[in-house]
Structure formats: C-alpha cells, structure tokens
Amino acid sequence: MAAGIGERTDHFNIRYADMQYLTPGTGKILENAYRSVNSYLGNLPGSIKVIVVDNDRMDDVGKHVEAFSAWNHQSSTIVLRGDTIKDPASLSVVVKHEICHLGLNDLIDKKDEAEYRWMEEGVCMVISGEPLDDVKVSKYIVNRGFMSTGQIGAAVDSHNYSVTKNGYLQSFSLCKYLSQTYGTEALVDILKSPIPRFEDAFYERTGEDFGQFYDRWVAHVQAQAVRSPGVKVVTIRGYLDLSMDQA
C-alpha cells in the first residue's frame, strides 16, 4: 500500500491503496456522514483512520463485503472497497453504517452482548438510511421464518452468507419498525440504557411489553409481504451486498 497517497479532514485520516481511488469530494462525504451519525449517537471517536483497498484485497475478507470497521478504546479504523469510493451515494450509506458501528461498539462493550448485540446491524442500517425495498425485505423474512432476537444475533455472526443476510434483514426490519413506531432516538436510548436486560430497557423507554411489540412487528411484516412492490427502489451496494433480487 502506498502510504503517501491520502488526505486528512477534521475527523478522518484517509489512505488509498492505489491512486485510481483518490476521488475528489471523498473527505466531504465522510465528514457529512460523521455529522449525521453523531447527531444520533453523540459519542463518535474524534479521529478515524480510513483505508481504501483494492477489490482483490477486500475479496480476501469476503466477496459480499463492501466495508468493515475495527475499534478499541485507543483507535478506530474503517476499511473500504475501492469501487465504493467511486459512487458517492453508495459511499455515504456505507460510511454512515461503519461510523455507526464505531459509536455502538463503545455502547455495547459495556453491556451483555447476548441481550443487545442483535440490534447493532439493524440500528446501523436504519441510521445509515439503507434504501432497501420494505416489501421485498418482508417477503424474504416470511419465506425464511421469523427469528427471535437471540437467533438474529447468532445469524449475523454466521460465516454462511445466506444465514448472515437473513440476520441482517431481520435486525433491520425489527429496528426499522421500532424506529417508525417510537422514533430513531428510541433505538439509541435503549442501547444507552443502564438497564442490563433488553426487554426491561425496551419497556422503560416505550412503556410496552416487548413480546407484544414483537407480535405486532410480525403482523406488520406479514401484511407487507402480501403487497405488490410499488415504485422500483434501486438498491445500492452497501457494507454487505443485500440484493433482494433472489428474495
């Protein structure tokens, strides 16, 4: 990697594996993404390293992977697929998603992962504005069967892409329904809650039993699944390729 090819912004130190990925406006997109995510979380690290790698290098991680992040209390890093840099709309969603992980890692690190980890991908997808077709997502979930929050968390961590995709989409759908019902701030408030059990934190924030809410989500997804898709939604390639073509 040519360490000398890069740029700095207020919150990012960007390095490119190849000059072909050096794209005007990248720093501005990253800073806009940072401000957007921080308006919800308020705890983002002050300095983030961004490494842009070529497709072969990213394919070593996974052919469906567009980006990933690494975090500890001392440093934060985002690794991006080079082709993602060339599409500003895709880059904005992907970077928001990964920046969101950096903030959520700090919150979830203080919690019982078994209780809250299932929310992470869904919250990142909601905050990043992943433009998935809700009808197609609902059909996908109904076809594969509904999972509990524990099952969603386990699926997201699977090495099998089809299982992981199912986990991502169920986390997204459930978190999006929660966001639509109580506001996106409620997602963050639940994760920031000092209450150890998720269902207790959910009740404290919403006043509703989570089991009843879950049943309403199931009914909502089932109702959407029988609808015909309306205006075609073009799905960009994000942090994970979640194309709904085969749903």
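I began with arginine 197, which forms a salt bridge with aspartate 200, the closest N and O atoms being 3.1 Å apart. By salt bridge I mean a side-chain nitrogen of Lys or Arg within 4 Å of a carboxyl oxygen of Asp or Glu. I noted that this is a predicted model, in which local features need pLDDT of at least 70 and side-chain atom pairs count only at pLDDT 80 or more, while totals for chains, interfaces and linings use all residues. Residues are numbered from 1 along each chain as its sequence is written, and side-chain values use heavy atoms, with hydrogens and water left out.

**Entry: accessibility of the pair**

I looked up the relative accessible area of both partners, where buried means under 20%, exposed over 50% and partly exposed in between (1.4 Å probe, protein chains only). Arginine 197 is partly exposed because its value is 41%. Aspartate 200, at 36%, is partly exposed as well.

**Entry: other salt bridges**

I searched the whole structure and found 10 salt bridges. Side chains of opposite charge can pair when their charged atoms come close. Lysine 86 and aspartate 83 are joined at 3.8 Å, N to O. Lysine 86 has a relative accessibility of 45% and so counts as partly exposed; aspartate 83, at 37%, is also partly exposed.

I then turned to arginine 117, whose salt bridge with glutamate 120 has its closest N and O atoms 2.2 Å apart. Are these two partners buried or partly exposed? Arginine 117 is partly exposed, with 23% relative accessible area, whereas glutamate 120 is buried, with 6%. I also recorded a network of salt bridges that links Asp59, Glu66 and Arg81.

**Entry: aspartate 133**

I located aspartate 133 in the loop between helix 6 (119-128) and helix 7 (134-144). Helices here are DSSP runs of H or I with at least four residues, and strands are runs of E with at least two, numbered from the N terminus. Aspartate 133 is buried yet has no salt bridge. The nearest side chain of opposite charge (Lys and Arg count as positive, Asp and Glu as negative; His and the chain ends are not counted) is lysine 136, 5.2 Å away. A polar atom of the aspartate 133 side chain lies 2.9 Å from the backbone nitrogen of valine 135.

**Entry: helix 4**

Helix 4 is mostly covered, with 19 of its 21 residues buried. At its N-terminal end I found aspartate 87 as the cap, a side-chain oxygen lying 3.2 Å from the backbone nitrogen of alanine 89.

**Entry: helix 1**

I found that helix 1 (residues 26-41) has 16 residues and reaches 22 Å from its first C-alpha to its last, close to the 22 Å expected. Its buried residues include Ile29, Leu30, Tyr34 and Val37. Glycine 42 follows helix 1 and has a positive phi, near 70 degrees.

**Entry: the whole chain**

I counted 12 helices and five strands in the protein chain. Its radius of gyration is 18 Å, close to the 18 Å of the globule rule for 247 residues, so the chain is as compact as a globular protein of that length. That radius is taken over C-alpha atoms, and the rule is 2.2 Å times the number of residues to the power 0.38. Buried residues make up 50% of the 247 residues.

Notes. Polar contact = N/O pair within 3.5 Å; in protein donor to acceptor, adjacent residues only side chain to side chain. Expected span 1.5 Å × (residues − 1).
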